[in-house]
Amino acid sequence: MTNHPFRFGVTLLTVGSRSGWRARVKEVEDLGYDVLQVADHLGLTAPFPALVAAADVTSIRLGTFVLNAGILSPAYLARDVADVHRLTDGRLELGLGTGYVPTEFEAAGVPFGTAGERLRKLETTLAETRALLAAEADHPQPPIMLGGAGERMLRLAGREADIFSFSIMAGVTPGVAPQEALARRIQVLRDAAGDRFADIELNLFVAALGESAEKVDLEIIRQASGLDDDQLTQLPGVLIGSPAEIADRLRRYREEFGLSYISVLEPHMAAFAEVIKHLR
């Protein structure tokens, strides 16, 4: 279904010391990952400084996964993106989302608003940021990743994204099997993208993995989703089995759904590296 090769990303969550950060960045590359990613939440790593610091000790790509566009000014974002793109030798992947944590909007002094209002803010921020970057003399234009699961976000991505990341909720539609729910969302993206669909790289966010259901830590996504453990273990973004079994599942995902770019969180970094070995 896709001609995209597998790529693998990992999101590091905290910086710690300079030497500790550099060591973990090197570990990411040594384990076989293609992209080092940083999320955008208060209390976690500040994305842009961390990525610039990482650029000095690794040759892999560097991405935001994903920035909260709801609290960003296009003028300041374009300035920062341009210089981070330059300071990372063009290795930046710019991930953007609507934001979904009300307390982070409150801390920034910005109204949380409705889902539709946040999506419109994302669309405006993306358009204005792109225009400002295009006006720069060297035209820094990193690939754009959008992420989520809602149909309006998928339609926006079909028009604008280079990469789309399916969140854990992409496998959730009441009364629909999880993989069918994901397939339906991919079809929405395909329909919106038209002829450019083949050029969009499809990313799957893996929220948890383990050799058995009993060994998978579901606490974070249980709280975020409101689903019970039996439901969670059926989701496409929860991978259960041996490394070889998970690798076979991801091959099937690429064949059936076109998912070729897989991202995991730092706590799963070492375990998922064993899966990567089967997919190289």
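**Salt bridges and a helix pair**

Biologist: Why is R7 called buried?

Modeller: R7 has a relative accessible area of 14%. Buried means under 20%, so R7 is buried. Bear in mind that this is a predicted model.

Biologist: What makes E201 and R7 a salt bridge?

Modeller: Their closest N and O atoms are 2.7 Å apart. The cut-off is within 4 Å, so the pair qualifies.

Biologist: Where do E201 and R7 lie in the chain?

Modeller: E201 is in strand 8, residues 201-206, and R7 is in strand 1, residues 7-12. They are 194 residues apart, so the pair links distant parts of the chain.

Biologist: Is E201 buried or exposed?

Modeller: E201 is at 10% relative accessible area. The limit for buried is under 20%, so E201 is buried.

Biologist: How do you know that E93 and R61 form a salt bridge?

Modeller: The closest N and O atoms of E93 and R61 are 3.1 Å apart.

Biologist: What does the pair of E93 and R61 tie together?

Modeller: E93 lies in strand 5 (residues 92-97) and R61 in strand 3 (residues 61-64). The pair therefore ties together parts that are 32 residues apart in sequence.

Biologist: Why is R61 called partly exposed?

Modeller: R61 stands at 26% relative accessibility. E93 is at 4%, so E93 counts as buried.

Biologist: Which residues are linked in a network of salt bridges?

Modeller: R7, R61, E93 and E201 are. By this rule the count of salt bridges comes to 18.

Biologist: What makes E266 and R24 another entry?

Modeller: Their side chains meet at 3.0 Å, N to O. The limit is 4 Å, so this is a salt bridge. E266 sits in the loop between strand 11 and helix 11, and R24 in helix 1, so the pair ties together parts 242 residues apart in sequence. E266 and R24 are both buried.

Biologist: Why is helix 5 called roughly parallel to helix 6?

Modeller: Helix 5 (residues 115-134) and helix 6 (residues 151-160) pack at about 15°, with axes 11 Å apart. Angles under 35 degrees count as roughly parallel, so helix 5 is roughly parallel to helix 6. Their crossing is right-handed.

Biologist: Which residues make the contact?

Modeller: Helix 5 contributes A115, G116, L119, L122, E123, L126 and R130. Helix 6 contributes R152, M153, L156, R159 and E160. The residues of this contact divide into six nonpolar, one polar and five charged.

Technical notes
Residues are numbered from 1 along each chain as its sequence is written. This is a predicted model: local features need pLDDT of at least 70, side-chain atom pairs count only at pLDDT 80 or more; totals for chains, interfaces and linings use all residues. Side-chain values use heavy atoms; hydrogens and water are left out. Axes are lines fitted to C-alpha atoms, for helices over the stretch in contact, and angles run from 0 to 180 degrees between N-to-C directions. Helices (H or I, at least four residues) and strands (E, at least two) are DSSP runs, numbered from the N terminus. Angles under 35 degrees count as roughly parallel, over 145 as roughly antiparallel, 65 to 115 as roughly perpendicular and the rest as oblique. A crossing is left-handed if the near helix is turned anticlockwise from the far one by less than a right angle, and right-handed if clockwise. Contact means heavy atoms within 4.5 Å. Ala, Val, Leu, Ile, Met, Phe, Trp, Tyr, Cys and Pro count as nonpolar, Asp, Glu, Lys and Arg as charged, and the others, Gly among them, as polar. Buried means under 20% relative accessible area, exposed over 50%, partly exposed in between (1.4 Å probe, protein chains only).
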